Amino acid sequence: MLSPGNTLLSAAKNAQREALLIAPFVKTDALGRIIENIPANVSITVVTRWIPGEIASGVCDIEIFDLVSSKIKGSLWVHPLLHAKLYRFDEITYIGSANITGKALGWRAPSNIEILQPATNALQELKLFESELLKSSIRVDVAYRDAMLKQVEIARTQIGPIFEQTAGAGSQVSLCWLPTCRSPEKLWSVYDEGESAQRRMVQSAYEAALADLEALNVMKGLQKDQFNKCIAAMLGQMPLVRDVEIAAMEGLSSEAGTALIEKSITEAGIYFAHSANEMWEVLQTWLGYFFPEMYRTEAATTVLRHGRILK
């Protein structure tokens, strides 16, 4: 019986138009082995998950960006909630449990016990899955890769073992989540002091902070600067925040920010108790607090701008 990796190599060699590789954990050596077997004229799309702590702990490689970008028809995308594994070469699709790593694909001993099977049913549904996944993913460019590298270095040098122990344990933020605590500086008190912080806060603010911390799933035991950097890293993974970052380059009005929120809510198909305008105000406050060198709100206006980082 072929190993999962050799199954993919066989399909890769026969690809004629496109190759789609979807996996949360992707290592450079394993991906390189697959890509070198794909004919040069075939477009290659890789979708993965980049969480700073996971990259820092070595379960996935940020260097795959250079590998994919070296291909004329190559593109790399990231999705913060990705857990699915799907590999399609033209019309042949495989689904299963194997990530793109040597141990998962049977190329390193001891190998994982994995399953990878051709999908012969629900092909239309899988096509829809692909479309929806790419629609909500972020295409990685040099700027995004460099920003992630900075977060990975923070994870390695400042957070170290704490981040490594919890890598892959859910340290990611849902695409449909939006912050509710209007005073993001209060999050640290609730995180650090627990219930004792409740005595110094309005009950609604305390409950909102608790809800946000639960949604963010921040690991325990961080110092304040590490805590803030972790939240910033997770916020930076959200496609909505990426859209805000791009729009804020030219100045993002309250009306335009609210429209982005409404679009995100509509696409997610979910309900929030607060209005889109209220949620934009809260998100704008969070961005200014956790990215103080990146965002500023112009005096006497409600326009959010992506400001120059001063060194």
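Two strands count as paired if DSSP finds at least two bridges between them, and strands here are DSSP runs of E with at least two residues, while helices are H or I runs of at least four, numbered from the N terminus. This is a predicted model, in which local features need pLDDT of at least 70 and side-chain atom pairs count only at pLDDT 80 or more, whereas totals for chains, interfaces and linings use all residues. Residues are numbered from 1 along each chain as its sequence is written, and side-chain values use heavy atoms, leaving out hydrogens and water.

Here's how β5 pairs up.

| Strands | Sense | Bridges | A bridge pair |
|---|---|---|---|
| β5 and β6 (residues 116-118) | antiparallel | three bridges | Gly 96 and Leu 116 |

The β4 and β5 hairpin has two residues between its strands, and Asp 90 there takes a positive phi near 55 degrees.

Now the nonpolar cores: sets of buried Ala, Val, Leu, Ile, Met, Phe, Trp, Tyr and Cys residues joined through side-chain atoms within 4.5 Å. Buried means under 20% relative accessible area, exposed over 50%, and partly exposed in between (1.4 Å probe, protein chains only). The largest core has 43 residues, with Leu 187, Phe 227, Ile 231, Ile 261 and Trp 286 touching the most other members. Helices giving two or more residues include α9 (186-193) and α14 (276-290), and α14 provides the largest share, eight residues. Apart from this core lies another, of 42 residues, including Ala 19 and Val 152.

Over in β2 (residues 43-48) sits Ser 43, partly exposed at 22% relative accessible area. Ser 43 is in contact (heavy atoms within 4.5 Å) with residues including Arg 17 and Lys 73.

Terms used. Lists of a residue's contacts leave out its neighbours within four places in sequence.
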